[in-house]
Amino acid sequence: MNLIIFFAAGILYRLWLIHLVPQPFVYDQNQYLSVAWGILQYGLYADYSRLYGYGLLIAPFIKIFGLSNPFPWQLFQAILDTLSAFLVYYIGKKIFKTERAAFWGFILYLFNPFTSAYVGVMLTEIAAIFFMVLVFFIYLRFLETRKISLLLLLGFILGYFVQVRPSFLYFTIFFLIWLIFLIFKIIKPNKHKALLCIILPIIYLIPFSYNIAANYKTFHQFAMLSVDKFFFRDVYVSLIVDRVPRTSSDPYYFWSGEALYVWGVFSTPKTVIERQNMADKYFQLGMAIIKKDPIKFIVSRAKKMQYVWEKHYLFPYKMESTNPIINFLVYWINVCFLVLTLFGLIMFFRKRKNEKSWAEKQSIYIVIFILMYITFAHMFSTGEERFSLPAYTFVFMFAGFGLYTLQNRWLGRYNILLLL
């Protein structure tokens, strides 16, 4: 009964929050809607720069309820984000070995406004958050049970995760290599190991087959992801846009004319050679900026690693308030959670030395890798604050452990004073 109550509360909280500040349907949302509509219309559909993963998740709701009714897919995202909170609870119980610490993380995530505010927009954040924590959940289950079926399922989900959020391509490749290492370390009998090392990468690559077929059908070009080499576009834009230009006095996004021009023109080429020439053009322009002032380039990359973890606002397009006091609270509450997360990570790292379970001991390194990957991967992007949200299940999970540790220490001292 308690689970049902919490589940309903998490969904209702998210639906209530997104209706406080309705968001305009602008920018990237139009592209994801176009992908979903293309899948419904043509089956095999390829976009210049957006992959099919998120569009495929949204397409059934567009098919059944139409384009003008956002509530069904918003409800779906509210359910998905609430499920992420329950995965936080399960993982916390598994690695912390205490229900109270897991419950703290569960409650913090269940009622957090930072991820919940994205339930109302057609962006990949909620799906990326869910797949990230799902990967970790299945990984722990695999370590616990040693079931081959879980290993293969994990390989497939890693491949599909890339289709939802391409920026995690290298994260999934590193994770896949780690899983192959684990095959030799923990899988028995030995005769299955070589076969698994062949099958697992094939399972991982299955979700890429849609891209290959759709790109060949649409653009007559072989590409495992998108035909646009958008990395060079994003690097160039990151050099001309220091950070998202948004303040409390300007509650809407306002991109520079140059950035809007690059995004608009980059996907206009029609042939393979033209697309390569476009990528080369912006690669050369980007290198020229870097060579002109390499010190500024290094400093700006360091700043972007900080920007991606900052939160000046909750909602992605239209801000919740132009009141600087509210924006101040949003910023510093997030900072407090990040500090608490760091404290929780340190305390758990100290605690894990006494653990006998190999799974619990290794879990901290996976979490640290996720946090570091997000930090460094977005040095060459616009560094938007939403880009770090896929890690926020772990932020609140370890913030919960930090709260639990502080609670125990405070209560311990309080009890001593009572005895005196």
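Ala, Val, Leu, Ile, Met, Phe, Trp, Tyr, Cys and Pro count here as nonpolar, Asp, Glu, Lys and Arg as charged, and the others, Gly among them, as polar. The views below are taken from a predicted model.

**View 1. Lining of the second largest pocket by residue class.**

View 2. Two or more lining residues come from helix H16 (324-351) and from H17, and H16 gives the most, with ten residues.

**View 3. The largest pocket.** The largest pocket holds about 1,400 Å³ of space and is lined by 47 residues, among which Arg-50, Phe-230, Phe-231, Arg-233 and Asp-234 lie nearest its centre. Helices that each supply at least two residues of this lining include H2 (28-42), H8 (148-164), H9 (169-186) and H17 (358-377), while H12 gives the most, with five residues. By class, the lining of the largest pocket comprises 24 nonpolar, twelve polar and eleven charged residues.

**View 4. Helix H1 and its cover.** Helix H1, residues 2-20, has 19 residues and reaches 27 Å from its first C-alpha to its last, close to the 27 Å expected at 1.5 Å a residue. Gly-10, Ile-11, Tyr-13, Arg-14, Leu-15, Leu-17 and Ile-18 of H1 are buried, and what covers the buried residues of H1 includes helix H4 (71-96), helix H5 (99-110) and helix H6 (113-116).

Notes:
Residues numbered from 1 in each chain as written. Predicted model: local features only at pLDDT ≥ 70, side-chain atom pairs only at ≥ 80, totals over all residues. Heavy atoms only, no water. Helix = DSSP H or I, 4+ residues; strand = E, 2+ residues; numbered from the N terminus. Expected span 1.5 Å × (residues − 1). Buried < 20%, exposed > 50% of the residue type's maximum accessible area, 1.4 Å probe, protein only. Contact = heavy atoms within 4.5 Å. 1 Å grid on protein atoms, 1.4 Å probe; cavity = no way out; pocket = protein on both sides within 12 Å on 5 of 7 lines; lining within 4 Å. Points joined across faces, edges and corners; volume = space filled by probe spheres on them.
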